[in-house]
Amino acid sequence: MKASRIGADLKIVVRSYLRNPVALFFSLIFPIILIALFGLIFAGGSGGAVSLAVENLDHNSPASVAYLAALNNTSLVQVTIVDYSVPSFSAQLGDNGYSVGLIIPAGFQADLTNRTPVNLTLFTNPENAAAAGQAEGAVTGVASYFNLRAVCEGGSCAPVIQVPPPKNIGSQIYTYIDYLIPGLIGFSILTSPMFSMVDIASSYRKEGIFRELSLTPLTKSEWLLSRISWYVLLTFVTAGIMIGAGAGLFGAHVQITLGLIPFLVVGPFLFVSLGMLAGTVAKTPESAALIGNIITFPMMFLSGTFFAVSLFPPGLQLVAHVLPLYYVIDGMDQVMLFSNTTRALTDVGVVAILAVIIFALAVRFFQWRDVA
Amino acid sequence: MASAIEVRGLTKRYGSLYAVDHIGFSVEAGTVYAFLGPNGAGKTTTTEILEGLRRCTEGDVRVLGLDPWKQGYALHQRIGVIPQDFRFFDKITPVEGILYYGSLFGTHPDPEVLLGRVDLQDKANSRFDTLSGGQKQKLGLALALTNNPEVCFLDEPTTGLDPQARRSIWEVIRTLKREGRTVFLTTHYLEEAELLADQVGIIHHGKIIASGTPEEIIRAHGRAQRLVFTAPPALADHLRATLDVVAETHDGRVEVSLSSPRDAARILSAVDASGIPWEGFVTRSDTLEDVFVRLVGPMDEGALKPGVPA
């Protein structure tokens, strides 16, 4: 294997790419469009009442009942009384499909009467930013109304009912756009090489370009490594654009650490090889496109690209765990959001092992020459 | 002189169908060998086996002493190939393509010199997808020369080109021969083979049916030299009756075969003495094309069954 041949081929790939306006558009502008589109959809408001799970620890005291009735009257939330254990309240909300939850503490009635400050604890899921905003508005709005009506009567307007910033379901502290960025980087790591390589594998064979390359000293491994190098470069650029666009347009804040680099390398390594393998199996460009779609689309939607896998029904969660992209996105979540190095290492390990296996299979089965 | 290409008992079978059927030939180093045959006769299959792009079913093939399939990587450093309908990366220019191939082969070609050899200097910086068919073939030829090959395989390099482009490729082939390289030329054009080739092989239904120099093939398979008169059929009857010669009529012409050049004077005297009106005459010999058509029929005949590469 010679680095100079990989470099020479990479130069041809980069030139071809930079001279193709459509490819450039999809690589550089499309990520911004995706961030803007999903950011606007999920950061904006939505119609209808949000189902709010309420744990009333004040045991249906008149004040708590009146507060919940007032919440219902806003039409912004639909109160559902639940009976979860308080320590695992957040986890149980997620398990039962609630995006927002509220705990009314014991002594709510007494504190209100005594004008002792009392905290309502609101839980929201950042991945459903619309529901979170709607519920927070209703809970704080009704709390303000109660404060004004009940408290100012005594001459002091110090708020009694307080709603601290909401806790996040699952104890996380990020917004939807923060979750979206690793997901969309993963989307790009998957789709860009997969669609392109599946097409190249079949069209180069049909046009005879592989045959021509087979007559040079360039080897199959070198050719594939040159493509991988290109998509790694492209992934770094795309990830930079997405992080920049997310921060610039929606105030996203994700951690940019060195831990991200392995995922930006092994991710394209895996999917360039997988695209090549899929294209190799196909006999015609049409069937190659079909095989590419069959592999890509389920992975795109079931790997946590747009929504956390934890929100899926248990069956789909199992499916997600066998999809390679899940480990790429989960790993990037760990390094960009949760600083969970141990889990990120596991994820990158899984992706790296898969990448090596699929690379070897792609090199083995993809033929320069006609063996018939 | 040493052989650059040696083929013995070469066979390529697809199921029960023989695309190439136990053929053998050799090509001497430094010569031009033209491989002729109608569509589907087995030309491209044979050529691809020689290039190491396709595996043979049986037989022994050596190119520069190497087995093209098993030792393809080593062989490809020493040969140049232009396939039919050469394709390259659409957005890459000829100069970039030559530098790319140079990097892959580890040679350091001067793009200006190589493009000059194939008369493509004026398109040096045009992208491949803007080149005409002839210009694309010329680039293919230039790329095939980047590794200074000892044997060049040209698979129908002039098909579809205009006469000027065709002549310019012919000139490159002559230069390759002058430089001592071996050229294996597959072509549809009999004139091309006759002009350029030292040796010719004609393949039909997967078998070689004629081989040798163009002159040897014409001598072996062509008709004798003929006198062709513009005259009525009665002249043919008269000559047959008086001179015991072979005389045939075709579209107002009478063709009389010559067993030796000395026959011409005798026949002309008999024609003059016959009193049958005639307008003129020419002498005619068979060309390679005449022989080819006689041996294999028109070019579009003899194809293998559809779907089988040949």
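A: Let's begin with a cut-off: a residue is buried if 20 or more other C-beta atoms lie within 10 Å of its own. Leu145(B) has 24 C-beta neighbours inside 10 Å, so Leu145(B) counts as buried. Please keep in mind that this is a predicted model.

Where does Leu145(B) sit? Its place is in the loop between α5 (133–144) and β6 (151–155) of chain B. Leaving aside residues up to four places away in sequence, Leu145(B) touches Gly80(B), Leu114(B) and Arg117(B). Ile98(B) is 47 residues apart from Leu145(B) along the chain, and the two C-alpha atoms are separated by 9.3 Å.

Let's step back to the whole of chain B. Of its 310 residues, 44% count as buried. The secondary structure comes to eleven helices and 13 strands, and the C-alpha atoms fill a box of roughly 75 × 45 × 40 Å along the principal axes. Among the contacts in chain B with a separation of 6 or more, 70% come from residues 24 or more positions apart.

Strand β1 (residues 3–14) of chain B and strand β2 (residues 17–28) of chain B run antiparallel and are joined by eight bridges. One pair to pick out is Arg13(B), which stands opposite Tyr18(B) in β2(B). The two strands form a hairpin with two residues between them. In the turn, Gly15(B) has a positive phi of about 65 degrees.

Next comes the side that meets the partner chain. The contact takes 17 residues from chain B and 21 residues from chain A. On the side of chain B that touches chain A, helix α3 (residues 94–105) of chain B gives the most, with six residues. By type, the residues on this side of chain B divide into nine nonpolar, three polar and five charged.

How far can you trust these details? Chain B averages a pLDDT of 88, and 95% of the residues score at least 70. In chain B, confidence is highest in α3(B), at 96, and lowest in helix α11 (residues 288–296) of chain B, at a mean of 83. Over residues 299–310 of chain B, pLDDT stays under 50. For that stretch the model has 33 contacts beyond four places in sequence. Where pLDDT is low, the predicted coordinates should not be read in detail. For the model, the scores are ipTM 0.80 and pTM 0.75.

Helix α11 (residues 285–302) of chain A has 18 residues and reaches 26 Å from its first C-alpha to its last. Its buried residues, including Ile291(A), Ile295(A) and Met299(A), pack against α7 (176–207), α10 (261–281), α12 (314–320) and α13 (324–338) of chain A. Just after α11(A), Gly304(A) takes a positive phi of about 90 degrees. As for α10(A), 18 of its 21 residues are buried, so this helix is largely enclosed by the rest of the structure.

How values were computed. Residues numbered from 1 in each chain as written. Chains lettered and ligands numbered in written order. Predicted model: local features only at pLDDT ≥ 70, side-chain atom pairs only at ≥ 80, totals over all residues. Helix = DSSP H or I, 4+ residues; strand = E, 2+ residues; numbered from the N terminus. Expected span 1.5 Å × (residues − 1). Buried ≥ 20, exposed ≤ 12 C-beta atoms within 10 Å, placed from the backbone. Contact = placed C-beta atoms within 7 Å. Nonpolar A, V, L, I, M, F, W, Y, C, P; charged D, E, K, R; others polar. pLDDT = per-residue confidence, 0-100. Pairing = 2+ DSSP bridges.
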